[in-house]
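Subject: Handover of a structure and notes on its contents

Dear colleague,

Please find below the structure that I am handing over to you. My notes on what was found in it follow directly after.

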Amino acid sequence: EKAKRAAREIEVTDRTETATEVEYLQRKDFASMTEDELRALRQAMAGIRWDFSQRLTHRLVSSKRGKLIDQRETLRRAARVGGAVVELRRRERKEKARPLIIIADISGSMELYSRICLQFFHGLSQQLRGTESFVFGTRLTRVTDAFKLRNVDVALDAVSGEVVDFAGGTRIAESLRTFRRVWGPQLLRRGAVVLVISDGCETGDIEHLKREVQALQRSCYRLIWLNPRLGQKRYEPKVRGMAAVLPYVDDFLPIHSLESLRQLRDHLARLPKRKGGSHETSRRL
């Protein structure tokens, strides 16, 4: 009997330590993780499931709780029973997932975070079909097709093969300008949500950057800026470029830990229905 009690006590202790380790992993900064922790992180990221914000389309569909009366269907059913209106048929606007666009900074200042972020967004792209993905350092590269590959390592190798400016300089304004002019007319329709992942270390003209971010914000449904440095204690947006663009982004959120990724998932699932509407988990500095 004593041996059984001792075994149970050991089992409880082991579970407590495991729970503590999991909580520690959720909050630990990507940049300070060990190789073992990065492997555990990768498994945890694969388990994140997405419920992305929906948008209302102009198409009407049958609905028991719809606010619109379907007069044609109501009269058609009434004709079948001698002209008596037994039930009012209703319709509502069909919901559809919003288009999602990812524009990720892979410059030298983002080197400790960029590969992990790309792994994460590969998983997101696998779940949310139609996601468009771009990376930039000194120039913009579309990597949507690479992210369609199911194996994450194969996908990241394909990205590396397409991109020539990994861990180099940063020209955010020029990259956003290229996106708007080349891809914007096609992709920024139908209420697109744009995620820009960058620490804001711009090497180009700051006024140019402000104009480009402002124009991008006007063109999309929601502009969300994700900065891994925001997760650091006592962070202030003093980096060249970051403070300049804050007035023109809808949400400013961290992306430095597993916990922050899950918070982003929840944030995207609860976006307001109206463009520019408030969001309870948005963060501004």
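A search of the whole structure finds 13 salt bridges, where a salt bridge is a side-chain nitrogen of Lys or Arg within 4 Å of a carboxyl oxygen of Asp or Glu. Please note that this is a predicted model, in which local features need pLDDT of at least 70 and side-chain atom pairs count only at pLDDT 80 or more, while totals for chains, interfaces and linings use all residues. Residues are numbered from 1 along each chain as its sequence is written, and side-chain values use heavy atoms, with hydrogens and water left out.

Salt bridges

One of these salt bridges joins Arg-27 and Glu-259, whose closest N and O atoms are 3.9 Å apart. This pair links distant parts of the chain, since Arg-27 belongs to helix H1 (residues 2-27) and Glu-259 to helix H10, 232 residues apart. Helices (H or I, at least four residues) and strands (E, at least two) are DSSP runs, numbered from the N terminus. Arg-27 is exposed, at a relative accessible area of 52%, whereas Glu-259 is partly exposed, at 30%. In these terms, buried means under 20% relative accessible area, exposed over 50%, and partly exposed in between (1.4 Å probe, protein chains only).

A further salt bridge connects the side chains of Asp-36 and Arg-39, at 2.1 Å from N to O. Both residues lie in helix H2 (residues 35-46), and because they are three residues apart there, about one helical turn separates them. Asp-36 is exposed, with a relative accessible area of 52%.

The side chains of Arg-180 and Glu-212 also meet in a salt bridge, at 2.9 Å from N to O. Arg-180 lies in helix H7 (residues 172-187) and Glu-212 in helix H8, so this pair ties together parts that are 32 residues apart in sequence. Arg-180 counts as partly exposed at 24% relative accessibility, while Glu-212 counts as buried at 5%.

An open sheet of six strands runs in the order E6-E5-E4-E7-E8-E9, with mixed pairing; two strands pair if DSSP finds at least two bridges between them. Strand E6 (140-142) and strand E9 (251-254) stand at the edges with a single partner strand each, so one side of each has no neighbour in the sheet. From one strand to the next, the twist averages 20°. Axes are lines fitted to C-alpha atoms, for helices over the stretch in contact, and angles run from 0 to 180 degrees between N-to-C directions.

Strand E4 (residues 100-105) pairs with strand E5 (residues 132-136) in the parallel sense over five bridges. Within this pairing, Asp-105 has Phe-136 in E5 as its bridge partner.

Strand E8 and its surroundings

Which residues cover the two faces of E8? Arg-222, Ile-224 and Leu-226 lie on one side and Leu-223, Trp-225 and Asn-227 on the other, and all are buried. E7 and E8 pair in the parallel sense over five bridges, and Leu-195 stands opposite Ile-224 in E8. The chain passes from E7 through H8 to E8 in a right-handed β-α-β crossover, meaning that, with the strands pointing away from the viewer, the path from the first strand over the helix to the second runs clockwise.

E8 and E9 pair in the parallel sense over four bridges. Trp-225 stands opposite Phe-252 in E9, and Ile-224 has Asp-251 in E9 as its bridge partner. From E9, Asp-251 and Leu-253 point one way and Phe-252 and Pro-254 the other way, all of them buried.

Helix H8 (residues 206-219) lies across strand E7 (193-197) and strand E8 (222-227), at about 130° to E8. Helix H10 (residues 258-269) lies across E7, E8 and E9, at about 150° to E9. Contact here means heavy atoms within 4.5 Å.

A buried arginine

Arg-98 sits in the loop between strand E3 (90-97) and E4. At 9% relative accessibility, Arg-98 counts as buried. A polar atom of the Arg-98 side chain lies 3.3 Å from the backbone oxygen of Gly-191.

With kind regards

Notes:
A polar contact is a pair of N or O atoms within 3.5 Å; within protein, one must be able to donate a hydrogen and the other to accept it, and residues adjacent in sequence count only if both atoms are side-chain atoms.
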